[in-house]
Amino acid sequence: MTTPRTTPYAAPAGADRSRTHTWHSRPELTPEILGMSGLEVLQACLKGALPEASIMSTLGFRLTEAGEGFVVFEGDPGDHLLNPMGTVHGGFLATLLDSALGSAVMTRLPAGTTYTTVQLGVHMIRPVLAQTPTLRCEGTALHVGRTTATAEARVVGAEDGKLYAHGTTTCVVLRP
C-alpha cells in the first residue's frame, strides 16, 4: 500500500497555469557588433538596439543598468519557479548572480574579447517565495586581467534592501 503524495503548496483543482514568453534570436555577429566593447554591447541591449539574452525572458529578469565595472539586473520571482519544497528554486538566484557577475566583467572587456565562467560561488541567505517582490542583483567587477577576471554580486529586495544571496565568480578571459 502506498501513501498518497502531498505537497505543501497543493493547488486546488482546475488551478493549472501557463506561462508564455517571447525572445529575439541572437543577431549575427556583424563587424559592427564585433567592434563593440562589452559595455557598448550591454548598453545597446538596454537601449533595445540589441536583443537581451534569451535566458532573461525565460526566467523573468532584466538588465536595468550597465556602467564601467558595474551592472544591475532585476528579477521577479513567481510560482513558475518553485522547487518541490514550495520555495523558488535556487537556480533562479544562481542564474541571476551568474548573469550579473559575468556582465560586470563584460563591461570591462575590449571589443572582440569574450569570457566564460569557470567558478561560481553562491551563498543563499534567505528563502525566496513565489510572492517575494522584485529582487535586485548588483554585480561589480573586482579584477579584469589578461587571462582571468573576478567579480562579486549581491541579491537584495528592490523595495526593502534585505539580502537574499551573494556570490563571486572567476572567469577566463578569451582574447582574439
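Trainee: How many helices and strands does the secondary structure of the protein chain come to?

Mentor: This is a predicted model. Read along the sequence, the pattern of the chain is α-α-α-β-β-α-β-β-β-β. The secondary structure comes to 4 helices and 6 strands.

Trainee: What share of the residues of the protein chain count as buried?

Mentor: Buried means under 20% relative accessible area. The C-alpha atoms fill a box of roughly 65 × 35 × 30 Å along the principal axes. Of the 176 residues in the chain, the share that count as buried is 37%.

Trainee: What share of the contacts with a separation of 6 or more comes from residues 24 or more positions apart?

Mentor: Take the contacts in the protein chain with a separation of 6 or more. Residues 24 or more positions apart account for 64%.

Trainee: Which element gives the largest share of the lining of the largest pocket?

Mentor: The largest pocket holds about 980 Å³ of space. It is lined by 35 residues, and those closest to its centre are R26, V41, L42, A53 and M106. Two or more lining residues come from each of α1, α2, α3, α4 and β3. The largest share, 6 residues, comes from α4.

Trainee: How many residues of that lining are charged?

Mentor: Sort the lining of the largest pocket by residue type. There are 20 nonpolar and 12 polar residues. The charged ones number 3.

Trainee: Why is α4 largely enclosed by the rest of the structure?

Mentor: α4 runs over residues 90-106. It has 17 residues and spans 24 Å from first C-alpha to last, close to the 24 Å expected. It is largely enclosed because, of its 17 residues, the number buried is 13.

Trainee: Which residue forms a salt bridge with D79?

Mentor: The structure holds 7 salt bridges. In the one with D79, the closest N and O atoms are 2.5 Å apart. D79 sits in the loop between β2 and α4, and its partner lies 62 residues away in the segment before α1. That partner is R17.

Trainee: Is R17 buried or exposed?

Mentor: Exposed means over 50% relative accessible area. D79 has 37%, so it is partly exposed. R17 has 65%, so it counts as exposed.

Trainee: Which residue meets E74 in a salt bridge?

Mentor: The N to O distance is 3.6 Å. E74 is in strand β2, and its partner is in strand β4, 62 residues apart. E74 has a relative accessible area of 18%, so it is buried. Its partner in this bridge is R136.

Trainee: Which residues are linked with R136 in a network of salt bridges?

Mentor: R136 also meets E138, at 2.7 Å from N to O. E138 has a relative accessible area of 29%, so it is partly exposed. Apart from R136, the network links R62, E65, E74, D76 and E138.

Trainee: Where is A149 found, and which residues does it touch beyond four places away in sequence?

Mentor: A149 is found in strand β5, residues 148-157. Its relative accessibility is 0%, so it counts as buried. Leaving out residues up to four places away, A149 touches V105, H143, V144, T169, T170, C171 and V173.

Trainee: How far apart in space are A149 and A104?

Mentor: In sequence the two are 45 residues apart. In space, C-alpha to C-alpha, the distance is 9.9 Å.

Conventions. Residues numbered from 1 in each chain as written. Predicted model: local features only at pLDDT ≥ 70, side-chain atom pairs only at ≥ 80, totals over all residues. Heavy atoms only, no water. 1 Å grid on protein atoms, 1.4 Å probe; cavity = no way out; pocket = protein on both sides within 12 Å on 5 of 7 lines; lining within 4 Å. Points joined across faces, edges and corners; volume = space filled by probe spheres on them. Nonpolar A, V, L, I, M, F, W, Y, C, P; charged D, E, K, R; others polar. Expected span 1.5 Å × (residues − 1). Buried < 20%, exposed > 50% of the residue type's maximum accessible area, 1.4 Å probe, protein only. Salt bridge = Lys/Arg side-chain N within 4 Å of Asp/Glu carboxyl O. Contact = heavy atoms within 4.5 Å.
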